[in-house]
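Here is my note on the sheet. Please keep the model open while you read the points.

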Amino acid sequence: MKEGDFVVIESFTNATLYRIKRLNGVRAELVIPKRDGTEVDGGIAVLSELFYPNSKQREEFKDILKG
């Protein structure tokens with residue numbers, strides 16, 4: 001994973017899309033991209049909690065992912 005990549009954190013009921021703003025060792029500073037093009041703070045997560053979006057998630061977030 002690298003800065004700028006889109007990733008998800010999954011829970012039992014949903015997945016939230018994030019963009020990696022900055023990497024610091026095994027931690028990533030995240031932002032949440034919004035559909036209107038803005039971003040809000042997404043906090044910090046450990047890399048092991050992050051996954052690349054699967055095909056279903058890519059379809060759900062396609063308007064955000066295409067920029």
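1. β3 and strand β4 (residues 39-46) pair in the antiparallel sense, with 7 bridges. Two strands count as paired if DSSP finds at least two bridges between them. Strands are DSSP runs (E, at least two residues), numbered from the N terminus. Look for Val31: Asp41 in β4 stands opposite.

2. Some ground rules. This is a predicted model, where local features need pLDDT of at least 70, side-chain atom pairs count only at pLDDT 80 or more, and totals for chains, interfaces and linings use all residues. Residues are numbered from 1 along each chain as its sequence is written, and side-chain values use heavy atoms, with hydrogens and water left out.

3. The hairpin of β3 and β4 has 5 residues between the strands. Gly37 takes a positive phi there, near 95 degrees.

4. β3 spans residues 27-33 and is mostly covered, with 5 of its 7 residues buried. Buried means under 20% relative accessible area (1.4 Å probe, protein chains only).

5. On to strand β2 (residues 15-24). It runs antiparallel to β3, joined by 5 bridges. Ile20 has Leu30 in β3 as its bridge partner. In this hairpin, 2 residues lie between the strands, and Gly25 has a positive phi near 70 degrees.

6. β1 and β2 are also antiparallel, over 5 bridges. Glu10 stands opposite Ala15 in β2.

7. Put together, the 4 strands form an open sheet in the order β1-β2-β3-β4, with antiparallel pairing. β1 (6-10) and β4 are the edges; each has a single partner strand, so one side of each is left without a neighbour in the sheet.

Terms used: Buried < 20%, exposed > 50% of the residue type's maximum accessible area, 1.4 Å probe, protein only.
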